[in-house]
Amino acid sequence: MTRPTAERPRGGARQATTYDRAMFRIMNDPAARPVFATAGRRRRHRGGHVALTGATLACLTLLYRLDDAWLIAPLAALLPLWMIAPGVLNGGTRGLLELRTRMLDERQLADRDRAGTVAHRAATVLLAVAAGMFVLAEAVGADGLPEVPAVWVLVYAVVVVWLMPLWVAGLQARGEPAEDAG
């Protein structure tokens, strides 16, 4: 199994474009390797992105519900961090979800497929649990539940389904295989 390079894309299908080569260099920058050297560091980055996503969504929801201008300040601080965090996660997975298929080797393609499958299952379970909670609350007539506009439930669902593959890939990312000595 050979690793693709910026000069020789996997499979010899179409030649790598300038974009492909640039993204490959960014995602495989040797200077960034120590940041993602251990599974614990990769988990911390993923946990940070999940926390930033939750805090950003909470600020957006509160801004909508309370209509208080002071909520713009934490949102202005969270959004730039939240936009940088996926790039950090993509770097930790060495571009698993960002690079085009022709730039990945067989191991990376298998990892991408596995992350997508696990993310699909996890998002389905989360959505089923949320739907079950709403059905149960409606069945028992829970008056104490805050009224949640359907649009916000939809926004949360879209964000979870959208980001779950990146979170799963960040959690499942493995170190580079040892180079063959012979």
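## What counts as a cavity

On a 1 Å grid over the protein atoms alone, a cavity is a set of points where a 1.4 Å probe fits but cannot get out, and its lining residues have an atom within 4 Å of a point. A volume is the space filled by probe spheres set on the points, which are joined across faces, edges and corners.

This is a predicted model, where local features need pLDDT of at least 70, side-chain atom pairs count only at pLDDT 80 or more, and totals for chains, interfaces and linings use all residues. Residues are numbered from 1 along each chain as its sequence is written, and side-chain values use heavy atoms, with hydrogens and water left out.

## The cavity

Searching the whole structure turns up one cavity of 30 Å³ or more. The largest cavity has a volume of about 120 Å³. Its lining takes in 14 residues, with T93, L96, D111, A173 and R174 nearest the centre. Helix α4 (106-140) and α5 each give two or more residues to that lining, and α4 gives the most, with five.

## Two packed helices

Now for α5 and a partner. Helix α2 (residues 39-66) and helix α5 (residues 150-172) pack at about 170°, their axes 10 Å apart; helices here are DSSP runs (H or I, at least four residues), numbered from the N terminus. Axes are lines fitted to C-alpha atoms over the stretch in contact, and angles run from 0 to 180 degrees between N-to-C directions. So α2 is roughly antiparallel to α5 (angles over 145 degrees count as such).

Definitions and conventions:
Angles under 35 degrees count as roughly parallel, over 145 as roughly antiparallel, 65 to 115 as roughly perpendicular and the rest as oblique. On a 1 Å grid over the protein atoms alone, a cavity is a set of points where a 1.4 Å probe fits but cannot get out, and a pocket is an open set with protein on both sides within 12 Å along at least five of seven lines; lining residues have an atom within 4 Å of a point.
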